[in-house]
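Welcome! Here is a friendly briefing to read alongside the sequence and the 3D view.

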Amino acid sequence: MQNVPKVRLSRPTNNLERVLHFYRDGLGFEVLDRYEAQQGWDGLILGHRDWPYQLEFSRRRDGVVVPPAPTTEHFLVFCLEESESWEGMMKSLFEAGFTQVTPPQLYADSGVATYEDPDGYRVVLVQGRWKK
């Protein structure tokens, strides 16, 4: 088996605890690591131990405000092949207090649900297989 590299997407936030609620309680991510006062930053790394990607969110301790998402066209896409997983994730998001928003035009199909995180970034959930 080949050694598969992991990808970590990292971005700053002003809303560390609210982002944690969205991605952990709504989307089911695990907290893989959390740090405080690391070179002037607090942060957390979310993901699933066996998945090839992680999301890192960090907050500056000096109070500098980070702007929200520049547009609604800044989004992540997660493809869930099993309809039970897709429906379960939507149920978890609803129970965590999040509601669907208009999907990006590129993903305005059936079998798509879109949510907005506390920073205004969209998360698109596609039910089905990747086409390519």
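**A first look**

Just after helix α1, Gly-28 takes a positive phi of about 85°. Helices (H or I, at least four residues) and strands (E, at least two) are DSSP runs, numbered from the N terminus. This is a predicted model, in which local features need pLDDT of at least 70 and side-chain atom pairs count only at pLDDT 80 or more, while totals for chains, interfaces and linings use all residues. Residues are numbered from 1 along each chain as its sequence is written, and side-chain values use heavy atoms, with hydrogens and water left out.

- Antiparallel pairing links β3 and β4 over 7 bridges, and Ile-45 stands opposite Glu-56 in β4.

**The three-stranded sheet**

- Another open sheet has 3 strands, ordered β5-β7-β6, with mixed pairing.
- Its edge strands, β5 and β6, each pair on one side only.
- Neighbouring strands here are turned by 20° against each other on average, direction ignored.
- β6 and β7 run antiparallel and are joined by 5 bridges; Tyr-115 has Val-123 in β7 as its bridge partner.
- Helix α2 packs on this sheet and touches β5, β6 and β7, its direction making about 150° with that of β7. Contact means heavy atoms within 4.5 Å.

**The nonpolar core**

- A nonpolar core is a set of buried Ala, Val, Leu, Ile, Met, Phe, Trp, Tyr and Cys residues joined through side-chain atoms within 4.5 Å. Buried means under 20% relative accessible area, exposed over 50%, and partly exposed in between (1.4 Å probe, protein chains only).
- The largest core holds 23 residues, and those touching the most other members are Phe-22, Tyr-23, Leu-27, Phe-57, Leu-93, Tyr-115 and Leu-125.
- Two or more residues each come from α1 (16-26), β3 (41-47), β4, β5, α2 (83-95), β6 (112-116) and β7 (122-127), with α1 giving the most, 5 residues.
- Within α1, the buried residues include Leu-16, Val-19, Leu-20, Phe-22, Tyr-23 and Gly-26.
- Leaving aside residues up to four places away in sequence, Phe-57 touches ones including Arg-11, Leu-16, Val-19, Tyr-23, Tyr-35 and Leu-46.

**Aromatic rings**

- Rings of Phe, Tyr and Trp (its six-membered ring) pair if their centres lie within 6.5 Å; planes under 30 degrees apart count as stacked, over 60 as edge-to-face and the rest as tilted. By this rule there are 9 aromatic pairs.
- One of them is the edge-to-face pair of Tyr-23 and Phe-29, 6.0 Å centre to centre with 85° between the planes. Tyr-23 is buried at 0% relative accessible area, and Phe-29 is buried at 4%.
- The pair of Tyr-53 and Phe-78 is tilted, because the ring centres are 5.8 Å apart and the planes lie at 40°.
- Tyr-53 is in β4 (residues 53-60) and Phe-78 in β5 (residues 75-80), so this pair ties together parts 25 residues apart in sequence.
- Tyr-53 is partly exposed at 22% relative accessibility, whereas Phe-78 is buried at 12%.
- One aromatic cluster is formed by Phe-22, Tyr-23, Phe-29, Trp-51, Tyr-53, Phe-57, Phe-78 and Phe-98.

Notes: Pairing = 2+ DSSP bridges. Axes fitted to C-alpha atoms, helices over the stretch in contact; angles between N-to-C directions.
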